[in-house]
Amino acid sequence: MSSSSAPENANVGCVGPASQEAGKSSACAGCPNQTTCASGAFNSPEAIAKKQHEASVLQNALSDVSHVVLVLSGKGGVGKSTVSTQIAQSLSSRGYSVGLLDVDICGPSIPRMAGVIGQTVHQSAQGWQPVYANPNLAVMSISFLLEEGDAAVVWRGPRKNGLIKQFLTETDWGDDGLDYLIVDTPPGTSDEHISIVQYLNDARPMMVNGSNNSGASGAIVVTTPEEMSMADVRKELNFCKKTDVPVLGIVENMSGLQVKVSDLQFRRDDASDCTDDVIALLREKCPEVLSMTASTDVFATSGLGPKGMAERFKCPYLGKLPLDKNLLKACEEGSSFVENYPESPAASPLNKIVDSLILALPVEDDIDDVAMEGSGDDT
Ligand code: ADP
């Protein structure tokens, strides 16, 4: 991965402006900073002081955040924002203090999904005040800064990176900090991803644990089961490997459609609706079928599917989230899916994904609880 002192728009593999190789290494070819680096300008005392100041501002801003989780996907429309929002909703309803940061700058959908559309953030002495979807869930999104919620955001790289940095440094997540900051990133692997990881590395150098020297605690990668999405996700997994971001797991979304038989609609060959007749017949002849769930695959699974891909990349497979109309409904309503539709087909898999996340990234109170249980001290 690039040096953490790399300029924001540096090539991947940047050796850092302070290196002897600055401007000369093979990674420098085509980098917009090559000439400046070779001249040593980035290495001046002023430039170094500026960089150190920026790093300390970042460290300060995120010092009270226990875990930063990036949610990634290879391409758009596979359910990344849905998974980000519903994980955040679920964690917050379990009592954790959660921040949901929408840096999918070109397609911010989090405010709608979190039920805070049309709100605006306020600037205070402490920084930008996020919008609270509930007392435990603070949301920050580019769309809060736009006058028109539907306005297209067409920004060039440096401006986007500047905004991401501002989000990370200037959002006031509250006096008590956060247990989890869930970051909904743009699809694919772009400059923004590299910037986020670099900013987090600058912000949280103390997070070094074992071989992980990334400021992000980990990434959840969302994919649908067909090759078109998986091919892009492989790039995402390689990005995590190169940048030392631990992959917390792969979520296979929209894997099959599951519907309660009582909610199905039936049609005759001529397409006329016969739902009432079929439901009446089932109620008379085999009522137990009405409470069963019908399922069918929608996307053709490619090869061994996301599970096989997880094995190949030696990362956890977090399970399948089926297409579930109530999940879509919860996102449209801006409500917590697992709380409002606990019996719906995707609720149990989503709960398991959240369980796995908490297990992989426990917060201090949970660690204390486990220690107490282990000590046999029941006073
Ligand atoms: P992305 O962030 O990857 O672009 P979204 O999360 O915006 O994708 O999802 C696209 C649409 O699909 C949204 O309307 C969302 O509510 C819906 N959706 C995502 N996953 C599911 C699912 N498992 N069941 C039903 N609808 C889903």
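Reader: Let's start with Cys14: buried or exposed, which is it?

Author: A residue is called buried under 20% relative accessible area, exposed over 50% and partly exposed in between, using a 1.4 Å probe and protein chains only. Cys14 has 12% relative accessibility, so it counts as buried. This is a predicted model, in which local features need pLDDT of at least 70 and side-chain atom pairs count only at pLDDT 80 or more, while totals for chains, interfaces and linings use all residues. Residues are numbered from 1 along each chain as its sequence is written, and side-chain values use heavy atoms, leaving out hydrogens and water.

Reader: Which residues does UniProt list for "binding site"?

Author: UniProt positions follow the numbering used here, with shortened feature names, and annotations may be inferred rather than shown by experiment. In this case, the unreviewed UniProt entry lists Cys14, Cys28, Cys31 and Cys37. They span 24 residues in sequence, yet no two of their C-alpha atoms are more than 10.6 Å apart, so they gather at one spot.

Reader: And what does Cys28 touch?

Author: Contact means heavy atoms within 4.5 Å. Leaving aside residues up to four places away in sequence, Cys28 touches Asn11, Glu21, Ala22, Gly23 and Gln34. Cys28 is also buried, at a relative accessible area of 9%.

Reader: How many aromatic pairs are there in the whole structure?

Author: Rings of Phe, Tyr and Trp (its six-membered ring) pair if their centres lie within 6.5 Å; planes under 30 degrees apart are stacked, over 60 edge-to-face, and the rest tilted. The search finds three pairs. In one of them, the ring centres of Trp128 and Phe167 are 5.8 Å apart with planes at 65°, so this pair is edge-to-face. Both Trp128 and Phe167 are buried.
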